[in-house]
Each structure stands twice: as C-alpha cells, then as structure tokens.
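Hi,

Here is the structure I promised to pass on. Please open it and keep it beside this email while you read.

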Amino acid sequence: MIISYARGDVTGDRIPDNIYLTGIKTIDSPFVQNITLVIQDGKTGMRNYVSLKSNAGYDPTIILRDFTGDGVKDILISIASGGSGGIMYYYIYSDINNIPKLLFDYNIFNETYNYKVIYKDFYKVEVINVTNKIKYIIDISYKGQDYLNEIYDSNGKLKSEIEGFVNPLSGLYPIDFDSDGIYELIGYQRIAGLYNADSLGYIQTGLQWSGKKFDVFNQYVAINGANI
C-alpha cells in the first residue's frame with residue numbers, strides 16, 4: 001500500500017511526477033516492511049521501482065527539494081528505526097531523465113565521520129571529530145553532584161578513564177541557508193556519556209552538495225542547558 005506521497009518534477013522535463021513510498025504494514029502496528037521508492041513519470045506514466053537497503057521502520061516520509069542546484073527536485077526519504085536512540089534512516093535520490101541515482105546514504109555518512117568522547121579532569125568532556133580533526137570541549141559541571149561523584153574525586157580528578165560515544169544520525173533536515181532555492185542539510189547526532197540516555201549535547205553538521213557528494217561546510221556542538 002502507499003505509505004507516503006509527493007508530487008513534483010524530479011525527472012527534469014518540467015512536468016510534475018508522482019513519487020510514492022510503498023510498503024507492507026504490520027497488523028495492529030505502525031511498523032512498515034518492504035518499503036520501496038516508486039517514481040512515476042508524469043509525462044509517460046512509466047514507473048521506476050527503487051529498493052532501499054534499510055527498508056523497514058516507522059513513519060516513512062518523502063520531501064522534495066533541490067539539493068544539487070540543477071533546478072530539479074531531489075527526493076529525501078526518512079524512516080524512523082524505532083530504536084531507543086531515535087536513530088533514523090535517510091536516503092536522497094535524484095531521477096534526472098528517469099535514471100534513479102543515490103546521492104546520500106545515511107549509513108555511509110555514519111561510517112565516514114568517526115568520533116571519540118573522552119571524559120577529562122575538572123568536569124570536562126572532549127568530543128573529537130577524528131575524521132576532520134576537530135575538537136570540542138563540553139563543561140559537564142552542571143550535571144549535579146551525584147552524577148559527578150560517580151566519576152570524579154573530591155579534587156575534580158577522574159577516578160578512572162571513561163569514554164562516551166556519538167550516536168548515528170537522529171535527524172536530517174533540509175534548510176536553504178542562502179535563500180537561493182538550493183537546499184543544504186543539517187544533521188543531528190546525540191552525544192552520549194555514561195550510557196545512551198545520558199545526553200551531553202548534539203553534534204550539528206551542515207552538509208552541501210559539492211558536485212559529487214555532500215560535504216561538511218560547518219559543524220557545531222550544541223549543549224544542554226541547566227536550570228538556573
């Protein structure tokens with residue numbers, strides 16, 4: 001059955017096309033399996049069927065935006081994994097001249113950018129983007145005394161070495177930063193401390209099309225605020 005639908009020119013002939021996500025819904029559950037991208041040419045009625053590597057999850061959706069700057073809309077697919085970490089599956093396809101082409105694969109993104117999360121003395125945590133060789137410092141002194149007493153002695157020194165981790169993508173949003181009609185992306189990845197629910201903040205990564213792939217053009221760490 002049809003799970004999601006959008007309409008717009010994705011083939012480049014200026015005639016609106018029909019774009020669907022189809023799948024098999026589980027009885028008495030929002031879980032969807034065998035999710036497939038279907039692109040119907042608005043001029044000829046011809047359909048292309050594209051199988052997704054990660055083709056099962058929740059709330060599959062389609063957004064049409066021009067990410068490459070060719071004046072033709074591309075197809076952003078999002079699927080919720082349903083896991084406790086809020087991990088999402090994302091794909092972006094173009095379909096110029098009825099030829100589907102994968103532009104973005106969430107799994108390749110997650111594997112490309114590697115991180116280390118290292119607790120340091122005096123209530124600091126280093127978040128290191130190993131791939132791009134960038135370091136961020138998070139002050140966790142706001143975390144509360146019970147939390148800090150588990151990790152630090154009375155002098156603010158670590159009782160033992162501790163490392164956290166960065167989760168895979170949990171959000172990928174199209175934003176036209178330049179207001180030029182060409183959309184960039186901003187991705188969100190949660191920084192976890194002692195355990196997955198121990199959120200220290202988020203890595204926010206800006207991505208833009210370089211002609212061959214999506215490259216990072218900025219990256220920030222957003223931290224959680226503490227009550228005053």
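Start with Arg 65. Its charged end sits over the ring of Tyr 183, 5.3 Å from the ring centre. Lys 143 does the like with Tyr 147: the charged end of Lys 143 sits over that ring, 4.9 Å from its centre. Keep in mind that this is a predicted model.

Next, the aromatic rings. How many aromatic pairs are there? The count comes to 13. One of them joins Tyr 173 and Tyr 188. Tyr 173 is in strand β12 and Tyr 188 is in strand β13. The two residues are 15 apart, so this pair links distant parts of the chain.

How accessible are these two? Tyr 173 has a relative accessibility of 42%. Tyr 188 has a relative accessible area of 25%. Buried means under 20% and exposed means over 50%, so both tyrosines count as partly exposed.

Tyr 188 has another partner, Tyr 202. Here the centres lie 6.3 Å apart and the planes are at 65°. Edge-to-face needs an angle over 60 degrees, so this pair is edge-to-face too. Tyr 202 belongs to strand β14, which covers residues 199–209. With Tyr 188 in β13, the pair links distant parts of the chain, 14 residues apart. Tyr 202 is partly exposed, at 29% relative accessible area.

Now find the cluster. Which residues do ring pairs link there? They are Phe 67, Phe 104, Phe 109, Tyr 113, Trp 209 and Phe 214. Select these residues together in your viewer to see the cluster.

Last, the backbone. Most residues other than glycine have a negative phi. Two residues here go the other way. Asn 98 has a positive phi, near 65°. Where is Asn 98 found? It is in the loop between β7 (88–94) and β8 (101–105). Ser 179 also has a positive phi, about 55°, although it is not a glycine. Ser 179 lies in the loop between β12 (163–175) and β13 (184–192). Those strands hold Tyr 173 and Tyr 188.

Is Ser 179 buried or exposed? Its relative accessible area is 66%. The cut-off for exposed is over 50%, so Ser 179 is exposed.

Best wishes

How values were computed
Residues are numbered from 1 along each chain as its sequence is written. This is a predicted model: local features need pLDDT of at least 70, side-chain atom pairs count only at pLDDT 80 or more; totals for chains, interfaces and linings use all residues. Side-chain values use heavy atoms; hydrogens and water are left out. Helices (H or I, at least four residues) and strands (E, at least two) are DSSP runs, numbered from the N terminus. Buried means under 20% relative accessible area, exposed over 50%, partly exposed in between (1.4 Å probe, protein chains only). Rings of Phe, Tyr and Trp (its six-membered ring) pair if their centres lie within 6.5 Å; planes under 30 degrees apart count as stacked, over 60 as edge-to-face and the rest as tilted. A charge sits over a ring if NZ of Lys or CZ of Arg is within 6 Å of the ring centre and within 35 degrees of the ring normal.
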